[in-house]
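Notebook open, structure on screen. I'm jotting down what I looked up, one entry at a time.

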Amino acid sequence: MATTEWLRTFVAIYRTGSVSAGASLRGLSQPAASQQLGGLERRVGQPLFTRTSQGVEPTGRGRALHAQVADALDRLEPVLSGLDGRPAPEPARSIRIGSSAEFFSYAVAGHAGPATPPVVARFGPDHELVDLLVQRELDVAVTSAAPGRRSLSATPIGTKRFVLVGPPRLARVEPFPSLAELGGWLVGKPWVAYSAELPMTRRFWQSALGRAFGGDLRLIAPDLRAVVAAVAHGLGFSLLPEFACADALARGSVVEVHPVADVVPAEPWFACTRAADGDRAPLTRFVGDLARVVAGPG
């Protein structure tokens, strides 16, 4: 029969993504943690993790087992920790957040402090994050649409506004008298983008500039930080969320080509949680902190 200690070690390894880190979290040596994990895998009859160069990745059976035991063990942890007769402090339960890497860098990594609960991040597109939330592998998922699932709750935490940016040496100093003139000027100019589909960019060109996309696509990188760096290095122009390029604008390494916030619809951000987790105070505070960061000063 699998012991509670084996399961506690399994959850620690799952959440840290490493046998050695999970062992440290549990106060065990790595060989002891490996032995407990091996005993659990023999009891289950299947591998729970696959080894990678970065650590371990859960198998399908590992994900299913984590979903079955994690919440129960979290609730039991204060009792297990206090069986030595001393009052057990409430454990600092980690917040497992899913978002884009850029949002996490902007809204979480740069604002975490001593009062912030331990945070474990997962990155991916909205639909994957919502699935992980439903499977209880995340506590909160930041998405650009409210998922239509009764088991989930979506809290609006703000919007992302867009900015048309370019390298200082390629941008025009004089303002454009009209969007039509801006569109004509941009035709044939080098362009860098997050994806080849250019969903927001194509809508901007069609609806605001009155023409099909006519830029010379020079670079595609699925990371907004890389796109901002490419603009700063002079590779081309781009339509970017303001949060992603705010620091570069402040430094002057990229410049705003023309104000477009009024003609490019802002996109919402939602912090999605499981409805049953609504009474978790640390999670509620964490979502509130995200909203304050997105709202900015004032």
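**Cysteines.** I started with C272, which counts as buried at 0% relative accessibility; buried means under 20% relative accessible area, exposed over 50% and partly exposed in between, with a 1.4 Å probe and protein chains only. C245 is buried too, with a relative accessible area of 0%. How many disulfides does the structure hold? I found 0, taking a disulfide as a pair of cysteine sulfur atoms within 2.5 Å.

**Ground rules.** This is a predicted model, so local features need pLDDT of at least 70 and side-chain atom pairs count only at pLDDT 80 or more, while totals for chains, interfaces and linings use all residues. Residues are numbered from 1 along each chain as its sequence is written, and side-chain values use heavy atoms, with hydrogens and water left out.

**Where C272 sits.** I went back to C272 and found that this residue, in β12, is the bridge partner of A141. Strands β5 (residues 140-143) and β12 (residues 267-274) run antiparallel and are joined by 3 bridges. Strands here are DSSP runs of E with at least two residues, helices are runs of H or I with at least four, and both are numbered from the N terminus. Two strands pair if DSSP finds at least two bridges between them.

**The sheet.** I then traced an open sheet of 5 strands, in the order β4-β3-β5-β12-β6, with mixed pairing. Which strands stand at the edges? They are β4 (119-123) and β6 (152-160); each has a single partner strand, so one side of each is left without a neighbour in the sheet.

**A hairpin.** I also looked at β1 and β2, which form a hairpin with 2 residues between them. These strands run antiparallel, with 4 bridges joining residues 49-52 to residues 55-58. R51 stands opposite V56 in β2.

**Rings.** I counted 14 aromatic pairs. The rule: rings of Phe, Tyr and Trp (its six-membered ring) pair if their centres lie within 6.5 Å, and planes under 30 degrees apart are stacked, over 60 edge-to-face, the rest tilted. W191 and F213 are edge-to-face, because their ring centres are 5.7 Å apart and their planes at 80 degrees. W191 lies in strand β8 and F213 in the loop between α8 and β9, so the pair ties together parts 22 residues apart in sequence. Both W191 and F213 are buried. I noted one aromatic cluster as well, formed by F103, Y106, F243 and W269.
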